[in-house]
Amino acid sequence: MTRRTHAALAAALAATLTLGLGACSNDKSDGGSDAAPSDGKGPGAASGSVIGGTPAKGGTLTVLTNQDFAHLDPARSWVVPHMDFGTRLIYRTLTTFKAEPGAAGSEIVPDLATDLGTSSEGGKVWTFTLKDGLKYEDGTPIKSADIKYNVERSFSPDLTGGPDYAIQYLAGGENYKGPLNGEHLASIETPDDRTVVFHLKRPVAEFSSTVSLPTFSPVPQSQEKGTQYDARPFSSGPYKIETYDRGKQLVLVRNTNWDPATDTVRKAYPDKVVVTEGIKGGQADDRIIASDGADANAINMPWMAHETVAKVLPKPDVKARMAAEVTGCTDMLYMNTAKAPFDDPKVREAMMWAVDREGQVTAFGGPAMADVATSYLPPSLTGGVKSDPLKVPAAGDPEKAKKLLQEAGKSDLKVSLTVSLGDKSRAEAIQQSLSKAGVQVTINTTDPSAFQDTVGDIKNAPDLTISGWCPDYPSGATFLPFQFDGRTIKEKGNQGNLSQFKDQATMDRMDQIAAMTDVNEANKAWQQLDQDLAKKAPAVPLIWQRRPLLVGTNVAGAFGNQGYAGMLDLGAIGLKDPAKGK
């Protein structure tokens with residue numbers, strides 16, 4: 001999710017927070033001294049548990065947030081919180097994540113489709129059949145042609161920001177520019193109103209998971225509004241937009257033509273969902289902690305500020321309303337391998353040993369909020385096992401780093417580190433740990449809204465930067481190629497491969513794995529490639545985040561969904577007492 005962004009990478013979510021649906025840039029926290037020890041369950045409600053019990057139907061759920069949506073157009077949505085919001089409340093996809101806490105939330109299940117699809121021609125052709133009785137908000141039927149149309153829209157140059165799996169995977173799409181000029185893709189067939197067939201360039205074993213992304217939701221051509229579709233997507237889900245005043249308030253009400261008999265995932269407990277935007281600083285957190293009046297029915301989006309954690313953990317009654325689900329995302333220190341000194345593998349290896357990752361955990365909020373990362377792939381993509389191919393101590397080994405730098409003839413390095421403003425404390429921790437190995441680091445900070453453009457300009461990219469990546473679904477195919485395939489590098493707007501790493505052997509192996517038709521075989525191959533990449537050291541794995549989530553006293557059914565990078569699953573949430581939420 002992640003460009004993954006996911007995690008779309010890195011939309012500016014706040015003055016101190018940047019998230020990418022694949023790449024996540026994390027904000028400053030000073031809550032480390034009060035953090036609870038890491039026991040694998042998070043600091044509040046245990047991972048895999050549900051806060052508040054089972055909701056009752058009715059009432060108004062309030063969402064408090066400090067920013068507007070990056071995109072609600074499903075062809076453009078690739079920021080984790082906004083994908084969660086859109087696909088759980090407004091529109092449906094061919095498949096989706098199961099609405100359950102814990103590891104089960106990463107399981108892909110049918111949504112609009114009757115099953116997970118049927119593959120043929122060795123995984124190059126995938127056929128999906130739509131369920132009976134599917135309708136839009138106006139009562140008209142959802143047709144296979146509408147799925148085709150939205151996938152085609154994702155190719156449009158004007159509709160930027162969304163997942164590009166369709167562009168990567170579909171045959172004949174190399175020069176396609178979308179349907180707005182009347183052209184359509186021959187590689188998507190709709191032989192009848194309930195059948196959609198995708199012809200791919202190569203076998204994609206996990207295509208059942210690919211079609212869980214917003215790209216594969218329906219948009220009827222009659223509703224096309226170009227870039228204006230962002231303001232009023234046509235509902236195929238349990239809610240429709242009643243009003244949307246951008247930057248201020250979004251109000252969802254029930255879509256009475258949504259049939260729960262066709263939807264095994266979304267519970268649609270509230271009668272109404274009101275998103276209040278533009279709340280400054282930690283005010284949303286403070287309001288939910290207090291839970292006075294209507295704030296008892298509130299949740300925050302995208303997540304609780306990390307500095308708020310120190311306020312919550314000492315209060316058992318408030319802590320019981322907090323979840324900190326694992327995200328499945330890896331934060332990294334990216335080294336610019338396109339120029340000296342990080343074009344030298346020996347220097348990059350030295351960085352692996354020089355960085356104090358325990359210091360990164362502390363700077364992020366302590367072990368309650370993060371775990372030390374020991375590999376690029378998060379445990380969610382390695383069978384729950386923490387891979388540790390290099391066995392580097394969590395606090396680093398500056399003496400070994402010094403020795404490696406001496407061997408490389410680079411004993412007096414001076415490098416620059418550019419970070420989003422909210423990551424300054426983490427940058428300072430990097431600066432301190434590298435200084436012990438004799439590396440002088442100059443820190444440059446940039447506003448979150450400009451961060452991705454700054455580090456994504458490859459001609460002027462910094463020596464080092466901190467960012468991260470979240471998988472779109474449980475497959476190494478949604479992680480390693482976006483991070484370390486040199487063919488993904490763009491001159492402007494470079495999003496995933498911030499290391500500008502281009503290694504032919506790595507790219508050849510990625511192509512070989514991509515051609516595997518056995519998912520289990522491919523997963524094992526991705527895990528081995530992860531270990532091989534660690535030895536080439538294009539980046540330093542730093543931390544695996546937890547997502548701090550807080551809900552009001554009247555909120556029920558709340559849990560972090562691992563499929564949505566630990567975000568609250570909005571398909572299952574509601575109120576304990578709807579009468580208090582009117």
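Ala505, Thr506, Arg509, Met510 and Ile513 in helix α14 meet Ala522, Ala525, Trp526, Leu529, Leu533 and Lys536 in helix α15, where contact means heavy atoms within 4.5 Å. This is a predicted model, so to speak plainly: local features need pLDDT of at least 70, side-chain atom pairs count only at pLDDT 80 or more, and totals for chains, interfaces and linings use all residues. Residues are numbered from 1 along each chain as its sequence is written, and side-chain values use heavy atoms, leaving out hydrogens and water.

**The helix pair**
- Helix α14 spans residues 504-514 and α15 residues 519-536, and they pack at an angle of about 170 degrees with axes 10 Å apart.
- α14 and α15 are therefore roughly antiparallel to each other (over 145 degrees).

**The core**
- Phe85, Leu94, Phe198, Phe207, Tyr376 and Leu480 touch the most other members of the largest nonpolar core, which has 147 residues (buried Ala, Val, Leu, Ile, Met, Phe, Trp, Tyr and Cys joined through side-chain atoms within 4.5 Å; buried is under 20% relative accessible area with a 1.4 Å probe, protein chains only).
- Strand β15 (residues 322-335) gives the most to this core, with eight residues.
- Beyond neighbours within four places in sequence, Leu480 contacts residues including Tyr376, Met510, Trp526, Leu529 and Leu533.

**The sheet**
- β15 pairs with β19 (residues 464-469) in the antiparallel sense over six bridges (pairing takes at least two DSSP bridges).
- Thr330 stands opposite Trp469 in β19.

Methods:
Buried means under 20% relative accessible area, exposed over 50%, partly exposed in between (1.4 Å probe, protein chains only). Helices (H or I, at least four residues) and strands (E, at least two) are DSSP runs, numbered from the N terminus. Axes are lines fitted to C-alpha atoms, for helices over the stretch in contact, and angles run from 0 to 180 degrees between N-to-C directions. Angles under 35 degrees count as roughly parallel, over 145 as roughly antiparallel, 65 to 115 as roughly perpendicular and the rest as oblique.
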